[in-house]
Structure formats: structure tokens, C-alpha cells
Amino acid sequence: MQFLYHYIHSGKKPPHLIGLYNSRSVEKFEQDLRFIKKKNLDRISKKMRFSVISFDDGLTTCFEQTIELLKKYQLEATFFIVTNTLNNKALAHEHLSSLIAHLLKTKYTSQKSISQIESILSISLTQNIRSLTKEIRLLPQKNIDELCKSIQLDAQDYLDREKPYLTNCQIEKLIEGGFTIGAHSCSHPNFAEISLEEQIYETIESAKLIQKNFGLKKIPFAFPYLRVPDNPVYFSEIKKTGLISEFYGQHGLIWDKSLPFIPRISIEAENAELPINVILKKEKKIQRKRFVKTLNRKIKSFI
Ligand SMILES: [Zn+2]
């Protein structure tokens with residue numbers, strides 16, 4: 001099994017993350033590590049040759065908040081990097097949306113400015129920051145650019161000041177510390193919404209960059225949004241390159257070796273406040289239901 005995190009928070013969340021899913025606190029994260037160690041969950045994963053903990057999107061907050069704790073509990077982790085954002089070259093779409101929503105909520109509070117923005121965008125600024133972020137994420141790029149201009153948001157300036165993503169130097173330190181680095185696509189698209197050619201490009205190019213930058217051999221790859229391609233051609237094409245060690249995707253607890261990817265359990269969003277043992281119990285129930293469903297389907301196909 002592999003537990004999936006994006007970032008661990010302590011105190012205030014940064015503006016590029018504040019409008020997104022709930023995350024684990026440092027205290028809860030340490031409780032998770034204690035539980036994982038006590039139940040030997042790390043050994044079970046290690047036997048199957050993957051880390052029990054993983055972080056997606058290459059955010060600096062996970063580097064700052066977690067390394068010492070992981071070392072304290074002697075636990076391995078894999079960090080999956082979105083290569084376009086590596087070294088703070090670009091702000092990911094969802095992080096830019098959160099940042100815009102944060103600025104709209106904190107700086108544009110007068111009725112006059114609210115009406116001005118609402119007239120450009122036809123979205124209501126009175127909704128909470130999370131639903132506002134969601135609406136901004138769905139806007140066409142043209143409207144996002146227009147919005148950034150009207151609120152004088154310079155994404156590059158934010159990247160230079162805040163440095164939200166891991167840098168080559170930080171990743172080298174992680175590798176020296178025994179952690180694993182994986183690829184998580186170039187531009188973080190939803191693989192269910194892009195063509196087969198784009199899926200192959202996003203996988204190969206991101207893995208190649210990680211391989212080249214850090215002198216690594218085979219690279220683990222995690223699908224953005226846990227969306228695994230359903231076309232077997234994708235897997236056969238990627239296999240030919242010999243670049244990827246294993247794939248990580250889709251929500252789930254138990255790895256069936258016939259699956260071309262390793263399932264993961266998200267410890268965020270609706271799970272962010274739950275103790276890890278409760279999350280596992282919940283997952284077992286869901287997994288059982290999935291199993292019964294598949295079984296029913298198989299039985300029906302024989303009748
Ligand atoms: Zn991601």
C-alpha cells in the first residue's frame with residue numbers, strides 16, 4: 001500500500017494552497033508515522049519494493065515539514081515531481097487558481113472592486129475560497145490571463161518570492177538522504193481528458209527530465225488526479241522505453257499483481273481529519289464492495 005499526501009501544514013496555509021483540498025497537520029502526520037511503524041506497514045510495502053509514504057506535486061512545504069519526521073521514524077518516501085514546475089519555473093494551474101481566489105477574497109473587498117471583477121468574470125466573489133478556486137480552475141486560459149492582469153498578479157514574481165516548488169538542490173539532498181524521486185507528468189493534466197499521444201508525451205518527457213537531472217536509472221511514475229489510462233497501448237508503448245519502474249494510480253488499498261499500477265490511499269480531502277486506522281477500515285469496506293461488484297459482474301457474465 002502507498003499513502004498519498006501533497007503537503008503537510010503547520011499553522012497558516014500558503015495562498016497557492018489555501019483554496020484547495022484539506023491537508024494533514026504536522027501533528028496528525030506524526031501520528032500516521034507512528035502507526036505505520038507500529039503496524040510494520042512500511043515493511044509490507046518494502047517487500048513489494050515501494051515506499052509506504054508519497055508526496056505528489058513536488059511542493060516545498062512537504063520538504064520543510066516532513067524530512068526530519070521521516071528520518072526520526074526511519075521511513076522511506078517517494079516525491080513525485082511535476083517537471084514544468086521544477087525549480088519554480090511555472091505555477092501549476094490549480095495553485096494559480098488558489099492564489100487568484102485568495103487575492104480576490106483578501107484584496108478586493110470593496111463593493112466597487114467586487115462588482116468590477118464580477119462584471120469581467122460572471123462568477124460570484126461572495127462564495128467561500130474553496131468553491132471560488134474551483135470556479136477559477138474551470139475558466140478558459142484567456143479569462144485567467146485577463147483576471148491576472150486586472151488584479152495585477154505576477155505569477156513569476158510570486159514564484160521568485162515564495163519558491164513553492166522543490167529545486168534541483170533540494171531534490172539532490174532528498175536523494176542523498178535515501179528518498180526516491182518520481183515523475184508526475186510535465187504539466188499535470190487529467191489523463192482521462194487528453195489523447196493517447198499526449199499521455200505518452202507527458203509520461204516519457206517528465207521521466208526523461210528526472211532521469212537526466214539526477215542521474216537516475218528507472219523512474220516511478222504517478223498519474224495526476226489518480227487517473228490511470230484505460231488503453232493498454234499506453235502501457236505497452238511506455239514499457240518499450242524502459243524508463244518507468246512502476247506506475248502509481250487510482251484509489252485503493254490492495255495491490256493485485258495483474259494490475260499495471262499500484263493503488264494509493266489519499267490521506268487528504270475528506271480523510272484529512274480522520275485517524276489513519278479509521279481511513280484503513282473505511283478503505284477495507286470500499287475495497288470489499290468493489291470486490292463483490294467485480295465478482296457479481298464475473299458471475300453474471302457466466303449466466
Ligand atoms: Zn498531482
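Helix 5 (residues 93–107) and helix 7 (residues 129–137) pack with their axes 8 Å apart, at an angle of about 130°. Here the axes are lines fitted to C-alpha atoms over the stretch in contact, with angles running from 0 to 180 degrees between N-to-C directions. The helices themselves are DSSP runs (H or I, at least four residues), as strands are (E, at least two), numbered from the N terminus. That angle makes helix 5 oblique to helix 7, since angles under 35 degrees count as roughly parallel, over 145 as roughly antiparallel, 65 to 115 as roughly perpendicular and the rest as oblique. All of this comes from a predicted model, in which local features need pLDDT of at least 70, side-chain atom pairs count only at pLDDT 80 or more, and totals for chains, interfaces and linings use all residues. Residue numbers start from 1 along each chain, as its sequence is written.

Helix 5 passes helix 7 in a right-handed crossing; the near helix is turned from the far one clockwise for right-handed, and anticlockwise by less than a right angle for left-handed. On the helix 5 side, His93, Glu94, Ser97, Ser98, Ile100, Ala101, His102, Leu104 and Lys105 meet Ile129, Leu132, Thr133, Ile136 and Arg137 of helix 7. Two residues are in contact if their C-beta atoms, placed from the backbone, lie within 7 Å. Sorted by type, the residues of this contact come out as six nonpolar, five polar and three charged. In that sorting, Ala, Val, Leu, Ile, Met, Phe, Trp, Tyr, Cys and Pro count as nonpolar, Asp, Glu, Lys and Arg as charged, and the others, Gly among them, as polar.

Now for another pair. Helix 11 (residues 196–214) and helix 12 (residues 232–241) have their axes 10 Å apart and pack at an angle of about 35°. Leu196, Gln199, Ile200, Thr203 and Ile204 of helix 11 make the contact with Val233, Tyr234, Glu237, Ile238 and Thr241 of helix 12. This set holds six nonpolar, three polar and one charged. Helix 11 also passes helix 12 in a right-handed crossing.

What about the loops? Most residues other than glycine have a negative phi. Lys163 has a positive phi of about 45° without being a glycine, and sits in the loop between helix 9 (155–162) and helix 10 (168–176). Lys163 is partly exposed, with 13 other C-beta atoms within 10 Å; the cut-offs are 20 or more for buried, 12 or fewer for exposed, and partly exposed in between, with C-beta atoms placed from the backbone. Tyr225, in the loop between strand 7 (219–222) and helix 12, has a positive phi too, near 55°. With 14 other C-beta atoms within 10 Å, Tyr225 is partly exposed.

Over in strand 6 (residues 180–183) lies Thr180, which counts as partly exposed with 18 C-beta neighbours inside 10 Å. Leaving out residues up to four places away in sequence, Thr180 touches Ser51, Glu76, Thr78 and Pro220.

Zooming out, the chain has 13 helices and nine strands. Its radius of gyration is 20 Å, close to the 19 Å that the globule rule gives for 303 residues, so the chain is as compact as a globular protein of that length. The radius is taken over C-alpha atoms, and the rule is 2.2 Å times the number of residues to the power 0.38. Buried residues make up 32% of the 303 residues.
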